[in-house]
Amino acid sequence: MKFAFQSLLFCLLFLLIVCPPSRFAFGQPQSGSDTSSDDSTQSWTATTQQQLPSNLNPTRTSETHTQTGGRTFDNQSIQTMGTDGHYSPYLDVQKETVKVDANTVRTIERSFGRDADGRKTLVQVTEEEKRSLPGGEVKVTRSTSDPDGNGALKLVQREVQDVRQISHTVQESKSTLLTPSLNGGLTASMQTTERETKTSDHNVEFRKSTLLPDSNGNWQVNEVREGTIKDDGKNRTKEESVLRPGTDGNLSVVARTVSRESQNAAGEKRATVETYASDPGSGMDGLRLEQRVVTVHRQGDDGMQSTDQQVEQRNPGQPSDGLRVTKQAIDIVRPGTGGTTRETQTVRSLDSNGDLGVVSVDTRRQEGAPAVQVDIAPTKK
């Protein structure tokens with residue numbers, strides 16, 4: 001049962017990865033986001049029907065969101081179709097966010113699966129506390145627990161993050177990931193340090209270092225991500241280089257990403273992300289363009305919104321050829337009456353014949369939808 005649960009969860013995550021970010025940008029504020037006053041009340045419901053190729057089981061998802069006072073409740077229920085053509089419960093996620101005071105927010109998320117007999121069973125619990133301190137410092141503690149064979153919760157991961165404003169132009173974030181050690185306690189297994197420096201009104205430099213312990217427990221640099229962000233309010237460009245240690249222990253650039261965002265006079269938003277990487281097997285030096293993701297968002301006068309995302313990649317069989325479209329996701333949102341919206345998202349992927357075949361078609365109906373906000377920026381890593 002656990003293997004089947006992980007397999008389907010992997011498929012669901014795959015579909016989320018190839019979908020454009022509009023699905024989530026069109027959605028509501030995440031739990032814990034301080035988007036309204038404590039005495040406000042907001043609620044909405046949504047249902048999503050997914051159609052997949054015949055060799056995969058389609059899913060049906062229902063969501064509810066309720067925000068009242070300083071509490072927010074988000075519930076998501078996923079059902080899968082069995083061989084008999086009927087839907088049955090598969091995964092339930094319950095999230096509660098409480099604004100304890102003006103400086104503290106706590107969130108607890110519980111995930112429930114089904115055992116071999118179809119009974120609801122707890123599979124994971126994640127608890128987070130976010131505290132804002134004087135001087136702009138923010139501390140976040142996030143703990144993840146899984147039930148053991150007897151059903152008792154066992155801590156499997158804890159992440160501690162500290163964000164400080166070093167000066168009016170420098171912000172630093174330090175994060176430590178702790179995982180179970182051989183002696184039964186927790187030990188630090190990864191550390192990250194990220195610093196952002198504002199060099200001018202429109203420019204920011206950033207550097208993020210990831211360290212892992214070696215066999216002797218000494219911290220070694222595993223990866224460095226550094227670059228610049230230029231944003232004048234209309235156009236935004238982000239250039240990022242990824243450095244990793246080679247066999248000689250010295251850092252060298254192994255990948256580079258260039259992201260550009262713009263909006264024209266008609267309100268059309270366009271985001272382009274190009275990824276350059278080295279290919280040791282090609283015998284070529286330096287980096288070459290390996291992938292391009294283009295996302296275009298348009299909004300009509302009638303309120304209809306459409307987002308088209310195309311992923312271009314090289315052909316592994318013909319690496320010397322140029323890029324070709326390998327994935328496409330088209331998302332269309334149509335407003336209805338009484339705060340309802342209807343959304344259709346079609347995902348296509350390159351098949352064995354070189355054509356873009358349909359991977360999934362999602363239809364979503366949402367009631368009580370707040371104002372639509374669109375952000376097609378690449379997800380921050």
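**Figure 1. Accessible surface and overall make-up of the predicted model.** In this predicted model, the accessible surface of the protein comes to about 22,300 Å², and carbon and sulfur atoms account for 48% of that area. The secondary structure consists of two helices and 20 strands, while buried residues make up 31% of the 381 residues. Of the contacts between residues at least 6 apart in sequence, 33% join residues at least 24 apart.

Figure 2. Leaving aside residues up to four places away in sequence, Ala-255 touches Glu-240, Ser-241, Val-242, Tyr-276, Ala-277 and Leu-287. With Leu-287, which lies 32 residues away along the chain, the C-alpha separation is 7.0 Å.

**Figure 3. Salt bridges of Glu-223 with Arg-225 and Arg-244.** Glu-223 is buried at 12% relative accessibility, and its salt bridge with Arg-225 has its closest N and O atoms 2.9 Å apart; Arg-225 is likewise buried, with a relative accessible area of 16%. In the salt bridge between Glu-223 and Arg-244, the corresponding N and O atoms are 2.8 Å apart. This second pair links distant parts of the chain, joining strand 12 (residues 219–231) to strand 13 (residues 236–245) across 21 residues, and Arg-244 is partly exposed at 36%.

**Figure 4. The salt bridge between Asp-117 and Arg-119.** The side chains of Asp-117 and Arg-119 meet at an N to O distance of 3.2 Å; Asp-117 is exposed at 60% relative accessibility, as is Arg-119 at 52%.

Note on methods: Residues numbered from 1 in each chain as written. Predicted model: local features only at pLDDT ≥ 70, side-chain atom pairs only at ≥ 80, totals over all residues. Heavy atoms only, no water. Contact = heavy atoms within 4.5 Å. Helix = DSSP H or I, 4+ residues; strand = E, 2+ residues; numbered from the N terminus. Buried < 20%, exposed > 50% of the residue type's maximum accessible area, 1.4 Å probe, protein only. Areas by Shrake-Rupley, 256 points an atom, 1.4 Å probe, with all protein chains shown as cover. Salt bridge = Lys/Arg side-chain N within 4 Å of Asp/Glu carboxyl O.
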